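Visitor: Hi, could you walk me through this one? I have a few quick things to ask.
Guide: Happy to, ask away once it is on the screen.

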Amino acid sequence: MWRSNQPAVAATTNKDRTVSDGEQPTTASQLTSPTSQSASNSATISEETSDGEEAVGNVADEPVDSEAGAKTDISTDIACWGEVNEETRSYWVGKGIEAPTQCQHKDVDFSASERSYKNQKRCLSKTLFCRSLRNGEKVAREWLSYSPSTGNVFCFFCKLFSNDSSAFTHGFSDRKHSVDRVEMHEAGQPHRKAALTWLARTQVCGIDAGLQDQLKDEANYWKEVLRRVVAVIKFLSERGLAFRGENETLGSLHNGNYLGILELLAKFDPFLDWIKRFGNKGRGTPSYLSSTVCTEFIALMGQRVQSEIIMQLQHAKYFSLIVDSTPDLSHTDQLTFVVRYVSQEGKIFERFLKFLPIFSHTGESLFDSVTGVLQDMHIDIKNCRGQCYDNASNMPGAYKGLRARIQEINPLADWIPCAAHSLNLVGVCSVDCCRDASSFFRLVQSIFTFFSASPSRWKILMDGLESNENKRMEMVKGLSSTRWAAHARATKALRLNFKNIHDTLNEIAEDDHQKSAARDEAKSLAKKLNRFETAFLAIIWDTVLQRFDITSRALQTVELDLVTAVELLQSLIDFVSNLRSQYKHLESQAKSLSLSQQYTVTRQVKRTGTTPADDTDEPTLVSNAGENRFRETFFVIIDKLISALQQRHAVYKETSTYFGFLTQLDTLSLSEIREKSVNLQAKYHEDLADDFPDELAQFLHFAKVSTVNRQPMNLLSFIRERNLQQVFPNVDIALRIYLTLPVSNASGERSFSKLGIIKNRLRTTMLEEKLNNLTLMSIEQDMLAQMDFEELINDFARKKSRRRAF
């Protein structure tokens, strides 16, 4: 358990806060600890209370509620301020002289400002934010603030400090006379008085200036400290490594990765001498090394990553939902949430959102869990266009499953079964179709178990493979009950090392130093390998499963679209069907592999009726009876594979039918494209306008002139790169919906791998919130690496900086 030396108050992230462009980064050589400079006349902002918590005092440039802690951030939309009080004034004064520009919103869309005047409509002009002087010079009107929610403009200074009620304090909306009214307002005495009050409040002097400089120096010092703390947290989170150790003592070999890495950095970074000054000081001395601060930053950074995903999802509008569950090591069933969407750049992403503990697997319970999470994150389920689950009955059930319940409130949320799971089920059904197939895979697993159970037997096997390095790379493999790809690796290893494995088993069977049970088992396994049918089955299954494995891995890629996935499954059906005529070819390969060239049953008596007692003729003998029997086994396996593949392939046909023409724009005629686009528009009539077929026809001519690759992903990137959304909006929407549809829930399965790494057997007591934050940062490490947490650091350092005691 963590034992905090100095608990810290949770910092509130200000999303609207920006760092001044003129602020220069402070180097380590320029910074010295303010504590050492003014220890005699300064007091910490955080004072230890009776219960060990920190109470944050007021800072001159950051208004704080003495009872509730730091004040919540105020919206930059000036119309949302409500009644202005001293607390609001202090908040914006604390922001500094850059505060008015944060509330201007002069670069946003002014559609909300549109006003009607008889038969004419007028909108706010951007030129209003600039004042033209008589000598031709232009001066920015920093006081003018636009409200995106109401479309009105306000005076920032008068809203805060003027006692006179005017249109610019309640919202000015006269677009016809806006230029004259704005000039009159800025020339008025109340506006000038409010502006001077703002300048007086933001430009302190004398003793106040010295206090501000001291606070700024201390904040800069702690910002440098926190940059290193955040860097260590990012490093550990990306790799899913543990933070804590047995203690929090600096210098201890058991203080965990977090403190250990900071100590390592301190050896090469002179600035980190703060570790020596503040480390192991106990309560009352803030050091930002405690587990409390570390956990606080993990929460803030994890929430930032999740907020970024939600923001991208809301901009994308359309998404698909991928849901799956698995028990963790604390025996808690974790439901994973993954969303698939198309970014503003036209790229496909599948992002992890969170884990949710569940205690029931009924369709109703899962539906409540899914809708609850989406509502908490302000994600509209009406924009869901696809849902992908495994083949468990509680998920895709047509009446009471999760799929059916979601489609009750959103019929456009098409269910797409996981293609990777479907291939697994095809393999399982085929193995169970006949006794020879199931016996073969039991033999494969028995061989692996026999060698892996004893290091000496494994060494004998490895010594036999030393002559061929390529074969050593494909050592004996075991099977897996959940991953069918393990069967492909196992059969490939058996085929490559067939003779070596057989020779090794015979060697062990004749070795008197081995136990009798081991010799007997080796002899039995060698006898089974010596059968021609075993070699033949190794050839058959290796040929089939290698194609299955490669196809399965392709189906699990994020960028794969639905129609391409359907085409891959069809090609697999064609490949397996073609094997029906390849019996003799496969047989010749088996004969070159096997030590025996004959089937197990080579001769069988054929009786054509009752034989008289005095009949001395020899009975008629039928050769190749074993071949005929095994040929039946071969056809049973192939036919079962084809049947199972066709059954799974049919599930995708209905959905792919609507979008299939988008991948055939080069081959279909214009009339066929129009016909199919009409069907697509009819299904998604709430998303696509009636002129979608005409728009698509024009777009195809435009794309043809531009010689762009006409695959859906390339077409969407082409539209986004050239900013053609305004010209071809419906084509853009159709491509986004199509690329949003998932093919497999492999991303959900991958999140379970991270779950096992982060919540391992040594971390089973981890709280759910911390688990979600760490998993988010680990899975979405590409997004985490691009994020700049400078705003978070600045806000945290400002609230924790010291103040002069009076």
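Predicted model: local features only at pLDDT ≥ 70, side-chain atom pairs only at ≥ 80, totals over all residues.

Visitor: Okay, and what stretch does α21 cover, and how far does it reach from its first C-alpha to its last?
Guide: Helix α21 runs over residues 532-555 and reaches 35 Å from its first C-alpha to its last. That is close to the 34 Å expected at 1.5 Å a residue.

Visitor: Zooming out, how many helices and strands are there in the chain?
Guide: The chain has 32 helices and 19 strands.

Visitor: And how much of the chain is buried?
Guide: Of the 806 residues in the chain, 49% are buried. The accessible surface comes to about 39800 Å², and carbon and sulfur atoms account for 49% of that area.

Visitor: Switching to strands. What is the order in the open sheet of 5 strands?
Guide: The order is β14-β13-β12-β15-β16, with mixed pairing. At the edges are β14 (348-358) and β16 (414-415); each has a single partner strand, so one side of each is left without a neighbour in the sheet.

Visitor: Which way do β12 and β13 run, parallel or antiparallel?
Guide: Antiparallel: 8 bridges join β12 to β13 (residues 333-342). P327 stands opposite D333 in that pairing. The two strands form a hairpin with 5 residues between them, and H331 in the turn has a positive phi of about 65°.

Visitor: What about β12 and β15, how many bridges there?
Guide: There are 4 bridges between β12 (residues 319-327) and β15, and these strands run parallel. Here F319 stands opposite C384 in β15.

Visitor: And which sense do β15 and β16 pair in?
Guide: They pair in the parallel sense, over 2 bridges. G386 stands opposite D414 in β16.

Visitor: How many residues of β15 are buried?
Guide: 5 of its 5 residues are buried, so β15 is mostly covered.

Visitor: Where is H378 found, and is it buried or exposed?
Guide: H378 is in the loop between α12 (363-376) and β15 (384-388). Its relative accessible area is 64%, and because the cut-off for exposed is over 50%, H378 counts as exposed.

Visitor: And what is phi at N723?
Guide: Phi of N723 is near 55°, again a positive value in a residue other than glycine. N723 is found in the loop between α27 (712-721) and α28 (729-740).

Visitor: Is N723 buried or exposed?
Guide: Exposed: N723 has 59% relative accessibility.

Note on methods: Residues numbered from 1 in each chain as written. Heavy atoms only, no water. Buried < 20%, exposed > 50% of the residue type's maximum accessible area, 1.4 Å probe, protein only. Expected span 1.5 Å × (residues − 1). Pairing = 2+ DSSP bridges. Areas by Shrake-Rupley, 256 points an atom, 1.4 Å probe, with all protein chains shown as cover.
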